[in-house]
Amino acid sequence: MSRRSFAFAFAALALLWSGAGFGAEQFATADDAKAMLDRAIAALKANEAAALKQFNDEKNKQFRDRDLYVFCFDVAAGVFTAFQNSMMVGVDIRELKLPPDDPIGKRAYDAVHDAPEGTVVTVEYSFPKPGTKAPATKQTLETRVGNQACGVTYFK
């Protein structure tokens with residue numbers, strides 16, 4: 001299996017398993033997601049390189065809480081610069097698809113690409129909560145800071 005194919009398969013599994021083992025009351029809220037995105041924006045504005053390192057640090061509780069994590073991609077190149085799993089760093093977000101035919105990565109890229117810097121845009125999609133098979137609505141809050149587009153996804 002190529003690195004790219006493995007990365008896409010792993011991304012789908014990471015999304016599926018993020019927060020596995022948590023009860024419904026332990027999933028983060030929209031307010032939690034917005035607060036994390038606000039912290040990410042402040043960190044990016046202070047020092048982009050340091051912020052991306054923090055976002056990629058699996059032990060950093062400021063940017064990883066329950067089912068929440070910060071992801072970022074370079075707006076010009078479209079490649080992930082931060083993700084829940086380091087295998088996705090360097091992968092083009094526009095290539096991510098959810099079965100059966102949802103080009104979620106392209107939708108996420110397009111939503112923020114032409115938005116004015118600092119504007120928070122949303123992308124919704126269906127994905128099962130960990131431990132279930134029934135589709136649930138997830139919403140991604142995304143914004144641009146310089147050449148980085150970053151977001152946080154939560155279950156609605």
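In the pairing of strands E2 and E3, Phe-73 has Phe-80 of E3 as its bridge partner, and the two strands, which run antiparallel, are joined by 2 bridges. The model in which this pairing is seen is a predicted one, with a mean pLDDT of 87 for the protein and 84% of its residues at 70 or more. Over residues 5-24, however, the pLDDT is below 50, although this stretch has 33 contacts in the model beyond near neighbours in sequence.

**Strand E2 and its partners**

- Strand E3 covers residues 80-82, and in the hairpin that E2 and E3 form, with 5 residues between the strands, Gly-78 takes a positive phi near 80 degrees.
- The hairpin of E1 and E2 has 2 residues between the strands, and Arg-66, which lies in the turn, has a positive phi of about 50 degrees.
- With E6, strand E2 pairs in the antiparallel sense over 5 bridges, and here the bridge partner of Val-70 is Val-152 in E6.
- Strand E2 is mostly covered, since 7 of its 7 residues are buried; Leu-68, Val-70, Cys-72 and Asp-74 point one way from the strand, while Tyr-69, Phe-71 and Phe-73 point the other way.

- Strand E5 is mostly covered, with 9 of its 11 residues buried.

**Helix H2**

- Helix H2 runs over residues 30-46, and its 17 residues reach 24 Å from the first C-alpha to the last, which is close to the 24 Å expected at 1.5 Å a residue.
- The buried residues of H2 are Ala-33, Met-36, Leu-37, Ala-40, Ile-41, Ala-43 and Leu-44; because they cover an arc of only 165 degrees around the axis, they lie on the same side of H2.
- On the face of H2 turned away from its buried side, the exposed residues are Asp-31, Lys-45 and Ala-46.

**Gln-54 in helix H3**

- Gln-54 is placed in helix H3, which covers residues 48-56, and it counts as partly exposed because its relative accessibility is 31%.
- If neighbours within four places in sequence are left aside, Gln-54 is in contact with Ala-43, Asn-60 and Phe-63, and of these Ala-43 is one of the buried residues of H2.
- Another buried residue of H2, Ala-40, is 14 residues apart from Gln-54 in sequence and 9.3 Å apart from it in space, C-alpha to C-alpha.

**Helix H4**

- Within helix H4 (residues 104-113), the residues Ile-104, Gly-105, Ala-108, Tyr-109 and Val-112 are buried; seen down the axis, they fall within an arc of 135 degrees, so they line one face of the helix.

**The protein as a whole**

- The secondary structure comes to 4 helices and 6 strands, and from the N terminus on, the elements run in the order α-α-α-β-β-β-α-β-β-β.
- Among the contacts between residues at least 6 apart in sequence, 53% join residues that are at least 24 apart.

How values were computed:
Residues numbered from 1 in each chain as written. Predicted model: local features only at pLDDT ≥ 70, side-chain atom pairs only at ≥ 80, totals over all residues. Heavy atoms only, no water. Buried < 20%, exposed > 50% of the residue type's maximum accessible area, 1.4 Å probe, protein only. Contact = heavy atoms within 4.5 Å. Expected span 1.5 Å × (residues − 1). Arc of directions from axis to C-beta. pLDDT = per-residue confidence, 0-100. Pairing = 2+ DSSP bridges.
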